[in-house]
Amino acid sequence: MERLFDQWEEDEDPLPEDELPEHLRKPPSLDLTKLDMSNPESVLQATKKGQTVMMFVTVANKPTRHRTEELTKIWQSGLWSAHIQAERYLIDDDRAIFMFKDGSQAWTAKEYLTDQDELKDVQLESQTYPGKKPDVKNKSVRDEL
C-alpha cells in the first residue's frame, strides 16, 4: 500500500505558494536596513506580514453577551471599511478574538480599536493596550442603543 501511495504522489504537481498551508510557506523577505529599530512595534508589524495574528479585545462596563456581539460587529465593520480583514469570535460575555490573516494589519486595527469609547483593552502579541476611559455613568444609555 505504501508503494502504491508513493506512486500516486510522484505525478502530483507541487502546490503554488499561495495554496500551501501557512506553516509551509516561505516567509516574506524582510529588509532589516529599512526598519526603524528604535520602534519595536514597527519591527513586530513588519515581521508579522503574511502571518496569522490574533488580538484579544475586552469590552468595558461588564456588558451582556448580546451587547458585546453588537459592539464587536460594529468594530469589525469599521475595520472592513478600512480594508482591514478581521474575523471575529466571541469567547466570553465581554471578550472577543479578532483574527487577522495578514498580521501587519493588526497594529492599524489596534489604533482604531483603542479609540473606541466602550473598549477596555486590547491584547496584541503579549502587550496590553488600554482603551479610552469609558464614562460609567452613561452605561445604561449605551446598553439601550
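K49 is partly exposed, with a relative accessible area of 44%. In this predicted model, K49 takes part in a salt bridge with D102, and the closest N and O atoms of the two are 3.5 Å apart. D102 sits in the loop between β3 (95-100) and α4 (105-114), while K49 sits in the loop between α2 (40-47) and β1, so the pair ties together parts of the chain that are 53 residues apart in sequence. Side chains of opposite charge can pair when their charged atoms come close. The structure holds 7 salt bridges, and two others are described next.

R67 pairs with E70 in a salt bridge whose closest N and O atoms are 3.4 Å apart. Both residues belong to helix α3 and are 3 residues apart, about one turn of the helix. Their accessibilities can be set side by side: E70 has 26% relative accessibility and counts as partly exposed, whereas R67 has 7% and counts as buried. R67 also meets the side chain of E118 in a salt bridge, at 2.8 Å from N to O. This pair links distant parts of the chain, with E118 in the loop between α4 and β4 and R67 in helix α3, 51 residues apart. E118 and R67 are both buried. Through shared partners, the salt bridges join R67, E70 and E118 into one network.

The protein chain has 5 helices and 5 strands, which run α-α-β-α-β-β-α-β-β-α from the N terminus on. Of its 145 residues, 32% count as buried.

R88 is among the buried residues, because its relative accessibility of 18% falls under the 20% cut-off. This residue lies in strand β2 (residues 86-90). Its side chain makes a polar contact of 3.1 Å with the side chain of E69. A further polar contact, of 3.0 Å, joins the side chains of R88 and Q76.

F56 is in strand β1 and is partly exposed, with a relative accessible area of 25%. F56 and L90 are 34 residues apart in sequence, and their C-alpha atoms are 9.8 Å apart in space.

The backbone deserves a look at two loop positions. Most residues other than glycine have a negative phi. N61 has a phi near 65°, a positive value in a residue other than glycine. N61 is placed in the loop between β1 (53-59) and α3 (65-81), and its relative accessible area of 16% makes it buried. E125 likewise has a positive phi, near 50°, and is not a glycine. E125 is found in the loop between β4 (119-124) and β5 (127-130). At 30% relative accessibility, E125 counts as partly exposed.

E2, D6, E9, E10, E12 and D13 form a negative surface patch. One of these residues, D6, lies in helix α1 (residues 2-10).

Note on methods: Residues numbered from 1 in each chain as written. Predicted model: local features only at pLDDT ≥ 70, side-chain atom pairs only at ≥ 80, totals over all residues. Heavy atoms only, no water. Patch = residues over 30% accessible without salt bridge, like charges linked within 9 Å, V, L, I, M, F, W, Y side chains within 5 Å. Areas by Shrake-Rupley, 256 points an atom, 1.4 Å probe, with all protein chains shown as cover. Salt bridge = Lys/Arg side-chain N within 4 Å of Asp/Glu carboxyl O. Lys, Arg positive; Asp, Glu negative; His and termini not counted. Charge placed at Lys NZ, Arg CZ, Asp CG, Glu CD. Helix = DSSP H or I, 4+ residues; strand = E, 2+ residues; numbered from the N terminus. Buried < 20%, exposed > 50% of the residue type's maximum accessible area, 1.4 Å probe, protein only. Polar contact = N/O pair within 3.5 Å; in protein donor to acceptor, adjacent residues only side chain to side chain.
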